[in-house]
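Biologist: I would like to go through the terms used for this model and see what each one rests on. Let us start once it is on the screen.

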Amino acid sequence: IDESVESGEVETAFPYKAYINGDSVHVRSGPGQNYYTVLRMKRSEPVYVYRHDPGGWCAIRPPAECFSWISAEFVEPGEGRMATVKGDQVVSRVGSAYSDIRDVIQVRLDAGEQVEVIEARRLGNGPAAQTWYKIVPPACEFRWTSGLYLDRTPPGHKAQEAAPHNHRLNAKQER
């Protein structure tokens, strides 16, 4: 994202489509390098930006490869891949493609909400082991990447100059 966007000089309409401008760009569970990586994206892959956070971090819609975790204790399996939450304020934990880490909580689900189950997995050892469901990220859950690795113009297109009638400032084509 262009520096003027980070400084707040340009009004931005959310959400907007952007493109990854680097190789193996980290997508994280929260807005900062201290949050764990959930996946890496390749140059030219599109993302949808929903918010600009402090430090130049952008909240994005979770890419298709992303998932979350929910304890099987609080879910009633239904037909097909659908399941129903059976408790109030049940936590959805952000998953990572690189480990079974599930420390970050962004969303809490209420009884009756539907989730789409990707797979069931037994995590932990011995009597402490529990069944968890890997689910499609629920609505209002985000992932983050640094705005330094996003461009608003698709690869191979000429960047549009900012103008009074154009509130969407497009970043430079190549970095």
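Biologist: Which residue stands opposite R93 in β10?

Modeller: I105 stands opposite R93. This is a predicted model, in which local features need pLDDT of at least 70 and side-chain atom pairs count only at pLDDT 80 or more, while totals for chains, interfaces and linings use all residues. Residues are numbered from 1 along each chain as its sequence is written, and side-chain values use heavy atoms, with hydrogens and water left out.

Biologist: What makes β9 and β10 a pair?

Modeller: Two strands pair if DSSP finds at least two bridges between them. β9 and β10 have 4 bridges, in the antiparallel sense, so they pair by that definition. Strands here are DSSP runs of E with at least two residues, helices are runs of H or I with at least four, and both are numbered from the N terminus. The protein comes to 1 helix and 14 strands.

Biologist: What is the order of the strands in the open sheet?

Modeller: The 7 strands run in the order β7-β8-β11-β12-β6-β9-β10, with antiparallel pairing. Because β7 (75-77) and β10 (105-109) each have a single partner strand, they stand at the edges, and one side of each is left without a neighbour in the sheet. On average, neighbouring strands of this sheet are turned by 45° against each other, direction ignored; the axes are lines fitted to C-alpha atoms, for helices over the stretch in contact, and angles run from 0 to 180 degrees between N-to-C directions.

Biologist: Why is β3 called largely enclosed?

Modeller: Buried means under 20% relative accessible area, exposed over 50%, and partly exposed in between, with a 1.4 Å probe and protein chains only. In β3, 4 of the 5 residues are buried, so the strand is largely enclosed by the rest of the structure. β3 runs antiparallel to β2, joined by 4 bridges, and M41 in β3 is the bridge partner of V25. Across the protein, buried residues make up 44% of the 175 residues.

Biologist: What makes a set of residues a nonpolar core?

Modeller: The members are buried Ala, Val, Leu, Ile, Met, Phe, Trp, Tyr and Cys residues joined through side-chain atoms within 4.5 Å. The largest such core has 17 residues, and V38, V47, V49 and L150 have the most contacts inside it. At least two of its residues come from each of β1, β2 (25-28), β3, β4 and β5 (57-60). Apart from it lies another core, of 12 residues, including A72, A83, V115 and Y133.

Biologist: Which residues is V49 in contact with, leaving aside its neighbours within four places in sequence?

Modeller: Contact means heavy atoms within 4.5 Å. On that basis, V49 is in contact with F14, P15, Y16, A18, C58, A59, I60 and L150. P15 lies in the loop between α1 (3-6) and β1 (16-20), and the peptide bond from F14 to P15 is cis, with omega near -10°.

Biologist: Why is S44 called partly exposed?

Modeller: Its relative accessibility is 31%, so S44 counts as partly exposed. S44 lies in the loop between β3 (37-41) and β4 (46-53) and has a positive phi of about 80° although it is not a glycine.

Biologist: Where does Q89 lie, and why does Q89 count as partly exposed?

Modeller: Q89 is in the loop between β8 (82-85) and β9 (90-94). Its relative accessibility is 45%, so Q89 counts as partly exposed. Q89 is not a glycine either, yet has a positive phi of about 60°.
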